[in-house]
Every structure is written in C-alpha cells, then in structure tokens.
Amino acid sequence: MELIVMFFIGFCATTLGTLAGGGGLISLPAMLLLGMPVHSAIGASKVSNTFSSFSSFFYLIKKKKITLKESIWIVPISLVGGVTGGFIASNIPEEHMYVVVSVLLVFAFITSFIGKKGFNGQGPLEMNKKSIAGLYGIGIYDGLFGPGQGTLMLFLFSSLNIAYIRSVGFVRLATFSSCFGAAITYIVAGDIIWPLTIALLLGSVTGAQTGVRIAEKLKPDYVKPILRAVTVLLIIQIVSSQFF
C-alpha cells in the first residue's frame, strides 16, 4: 500500500512541479507523514526528480521548443550547486534540519515574489552574471532542501525574458542537474530507502510527462497567477508546520 501511495505522491507533486514549481508542497510533507526520516525523504525526492525532470526536458527537445546547444551550459552550474547543497545537508544533524529548512524556505518564498515580468518574452537564453548566479544559488538551495526551487527558477527565467514553455524546459534541465548532484550525495550517505524511492520515481516520471503536455497548452498570462498561488501555499505550509 505504501508503494502505491508513493507513486501517487510522485505523480501529483511532479505534475504541479513541472507547471509552476512547488512540487515539494505535496511530496515532502506526505513522505514525512508516512514516517520517512527527513534525509531519506529529501534523498528520495532528489533521485526521482533526476529522472522525471530529464524526461520532460527530453520531451521538449524532441518537440524543438528548446535546443541542447543553447542550454547545455546550465548543467555544470546547477550540478555544482546541487552537489554543494547536498553536501551541506548531509552534514547537518536531522534535529537541526527542520530549523535550517524553515529559514531557507521563508527566505526563498519572499524572494520569489520579486519580479514584474510575465512569460510573453521571446529573449534568448544567455550566459551572464545574473543567469549564472541565479542558477548556482538555486542549485545550492535545491540540493540542500528543494521545495520552491522550480518556482524560483521560473521567476528567474521570467526576469530573463524567456517564454514560458522554454522556461519550463530550462527549469527541468537545471532540476535534473542539481538533483543528480544532490542524489549522489544522499546515495553515498546511505539515506535512500530504495523501494519507496523507486515507487516515487515511477510516479514522478508519469507526472512530468503529464505536466509538460499541459504546459504546452497553458497561456502565458495565466502562469504568473499560478506561480503566485503556489508561492502563497508554500508560505502557508511552512508557517503552519512550525505551529501545529
């Protein structure tokens, strides 16, 4: 029964995560309610997100919405960020993890409200100080914990004047890179509960393919309100978890 529940957790979380980020709003609390240790739950998310994010990125490559040539530089930056964050997380005692996570999420959520641009831009993806610093910083955050990472990246690409469906593709590549780096650190640390993680992975891949197909049909004008709603829900989640 637990494996079926984990599959649906992965499906729902990754469908939402592909569209607007915030998949951790569903997955992490649900896994913790199932009794998974916090490091094992985060590690399961990183392993499953590695596969699911690559599957949706590959879909958009095949549809020629984005190209590997313009986006390949994202990989090393997000990978190093993910490894850095995963290394930091693996060396924080579990009883301190919730406090660190809470501080990071509140900071990340406030930051996610910054930015007035929408997703109607047609700008190219370019390597510059803003894009490199943003991707590396969010990669560290993703490796350290993760919920809200996709939302933050969508806001980043919006500020870079990138169209929504292209932003989704770039976010998924960055997520693949940072999660791959972080997943390695959790695997090496022995935090992974493999049966539950594989069930989550299968649900996540299914959710990623569902989400990316919905994203193709979503009008850019609707994206910003969805991102705002997800951000508010994430804030409510972290605040309520500290008092109840």
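**Exercise 1.** In which helix does Ile 187 lie, and which nonpolar surface patch includes this residue?

*Solution.* This is a predicted model, in which local features need pLDDT of at least 70, side-chain atom pairs count only at pLDDT 80 or more, and totals for chains, interfaces and linings use all residues. Residues are numbered from 1 along each chain as its sequence is written, and side-chain values use heavy atoms, without hydrogens and water.

Step 1: Ile 187 lies in helix H9 (residues 164-188); helices are DSSP runs of H or I with at least four residues, numbered from the N terminus.

Step 2: Ile 187 is partly exposed, because its relative accessibility is 40% (buried is under 20%, exposed over 50%, partly exposed in between; 1.4 Å probe, protein chains only).

Step 3: Together with Trp 194, Ile 198 and Leu 202, Ile 187 makes a nonpolar surface patch of about 370 Å². Patch residues have over 30% relative accessible area and no salt bridge (a Lys or Arg side-chain nitrogen within 4 Å of an Asp or Glu carboxyl oxygen), and nonpolar side chains are joined within 5 Å.

Step 4: Helix H10 (residues 194-217) gives the largest share of the patch, 3 residues.

**Exercise 2.** Is Phe 157 buried or exposed, and which residues is Phe 157 in contact with, leaving aside its neighbours within four places in sequence?

*Solution.* Step 1: Phe 157 has its place in helix H8 (residues 149-159).

Step 2: With a relative accessible area of 0%, Phe 157 is buried.

Step 3: Beyond those neighbours, the contacts of Phe 157 (heavy atoms within 4.5 Å) are Ile 74, Leu 125, Leu 135, Ile 162, Ser 167, Phe 170 and Val 171.

Step 4: Val 171 is 14 residues from Phe 157 in sequence, and their C-alpha atoms are 8.3 Å apart.

How values were computed:
Helix = DSSP H or I, 4+ residues; strand = E, 2+ residues; numbered from the N terminus. Patch = residues over 30% accessible without salt bridge, like charges linked within 9 Å, V, L, I, M, F, W, Y side chains within 5 Å. Areas by Shrake-Rupley, 256 points an atom, 1.4 Å probe, with all protein chains shown as cover.
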